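Please look over the structure below before reading on. The text then leads through it step by step.

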Amino acid sequence: MTGLPASGKTSLGRQLADGLGWPCLDKDDFLETLYNDQPVLDMTMRRRLSQESDVLFRDAAAECHCVVLISHWAPRGGDGSTDTPTGWIGGHFDRVIELHCACPPEIAIRRFCARRRHPSHLDHLRPPHQVERWVRGLTGGYPLGLGQVRSVRSDIPPDIEGLLAQVDAMLAESWSIKTEM
């Protein structure tokens, strides 16, 4: 699952995982476990814990054959210093489907400012104008082009059954291409 912050990756990803019968790994779950053990005092500590959670997230994913992965992935053209790296994905999984949550930045900004996450995310330190500048700066960074890509509008209620059928078709297509090689 890729997309802007607050674009709907977690909500959609969890629904898809349920429909597919696959595990769902959300990097924020790993990060918030670390937060519970070590209260965050500043952005430097938050970045350090985020990088630690990236390793835990990657290691847990390596134990899975089929999995829905949710994170704020490093966008194309970004410096990659604060977002989850993607380089390991292609090396671990035979087939990758990137579901990109296509969400207008205005909606993602509004959702981000309204959501309430673990306090150690330090969202409260980001004034709305800073969130707007940050999210708008990310708009050209997605989708990432990881495997087969499907953009899904995440500003409207999803058609989960239709999306599950599309994922099944993409998996079948990638399997037939792989067996023909």
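The model is a predicted one. The protein contains seven helices and five strands, and from the N terminus on these elements run β-α-β-α-α-β-α-β-α-α-β-α. The C-alpha trace spans about 55 × 35 × 30 Å along its principal axes. A compact globule of 181 residues would have a radius of gyration near 16 Å, and the protein agrees with this because its own value is 16 Å. Buried residues account for 41% of the 181 residues. Of the contacts between residues at least 6 apart in sequence, 74% join residues at least 24 apart.

Two packed helices are described by the angle between their axes and the distance between the axes. For helix α2 (residues 27–37) and α3, the angle is about 130° and the axes lie 8 Å apart. The two helices are therefore oblique to each other, and α2 passes α3 in a right-handed crossing. On the α2 side, the residues that meet α3 are Lys27, Phe30, Leu31, Leu34 and Tyr35. Their partners in α3 are Arg46, Leu49, Ser50, Glu52, Ser53, Asp54, Leu56, Phe57 and Ala60. By type, the residues of this contact divide into eight nonpolar, two polar and four charged.

The loop between α3 (43–62) and β3 (68–70) holds Cys66. Leaving aside residues up to four places away in sequence, Cys66 touches Trp22 and Pro23. Asp94 is 28 residues from Cys66 along the chain, and their C-alpha atoms are separated by 9.7 Å.

Notes: Residues numbered from 1 in each chain as written. Predicted model: local features only at pLDDT ≥ 70, side-chain atom pairs only at ≥ 80, totals over all residues. Heavy atoms only, no water. Helix = DSSP H or I, 4+ residues; strand = E, 2+ residues; numbered from the N terminus. Contact = heavy atoms within 4.5 Å. Axes fitted to C-alpha atoms, helices over the stretch in contact; angles between N-to-C directions. Parallel < 35°, antiparallel > 145°, perpendicular 65-115°, else oblique. Left-handed = near helix turned anticlockwise from the far one by under 90°. Nonpolar A, V, L, I, M, F, W, Y, C, P; charged D, E, K, R; others polar. Rg over C-alpha atoms; globule rule 2.2 N^0.38 Å. Buried < 20%, exposed > 50% of the residue type's maximum accessible area, 1.4 Å probe, protein only.
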